[in-house]
Amino acid sequence: MKSLLSILVILFIFSQTSSFCGETAYAATMKGIECAACKKSIAKSLGRLEGVKTIRITPAKNGTHRLAVLTDGSSPISRSDAVEALGKNAPHYEIVSWSKSN
């Protein structure tokens, strides 16, 4: 009986913890991406931000690209965080928009 109660308590704690840190998606539009190396550099830089799980970069209209960034939800990411993560390459790229998707 004690082991059943222990299991139930552990399951309850786990379910409460995971609900606080759900995945969070961000959508962005960027200019200045010219080649595959640019995409790789951006993905590597943004991938260093806390909680980032995946980054998808796809072409959009008028020379822009769309970014879809999926995080584990452990900490929010702002546009300025993304610019800072780009580091020395930041002047080459322009983040036109940045928003939380869900």
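## Strand pairing and overall make-up

Strand 1 (residues 24–31) and strand 3 (residues 64–71) pair in the antiparallel sense over 8 bridges; strands count as paired if DSSP finds at least two bridges between them. The model is predicted, so local features need pLDDT of at least 70 and side-chain atom pairs pLDDT 80 or more, while totals for chains, interfaces and linings use all residues. Residues are numbered from 1 along each chain as its sequence is written, and side-chain values use heavy atoms, without hydrogens and water.

**Strands**
- K31 has T64 in strand 3 as its bridge partner.
- Strand 2 (residues 52–59) also runs antiparallel to strand 3, joined by 7 bridges.
- L70 in strand 3 stands opposite T54.
- A hairpin is formed by strand 2 and strand 3 with 4 residues between them, and N62 in the turn has a positive phi of about 55 degrees.

**Whole protein**
- The protein has 3 helices and 4 strands, in the order α-β-α-β-β-α-β from the N terminus; helices (H or I, at least four residues) and strands (E, at least two) are DSSP runs, numbered from the N terminus.
- Of the 102 residues, 28% are buried (under 20% relative accessible area, 1.4 Å probe, protein chains only).
- Among contacts (heavy atoms within 4.5 Å) with a separation of 6 or more, 64% are between residues 24 or more positions apart.

**S80**
- S80 lies in helix 3 (residues 79–86).
- The side chains of S80 and S78 are joined by a polar contact of 3.0 Å (here a pair of N or O atoms within 3.5 Å, one able to donate a hydrogen and the other to accept it).

Notes
Buried < 20%, exposed > 50% of the residue type's maximum accessible area, 1.4 Å probe, protein only.
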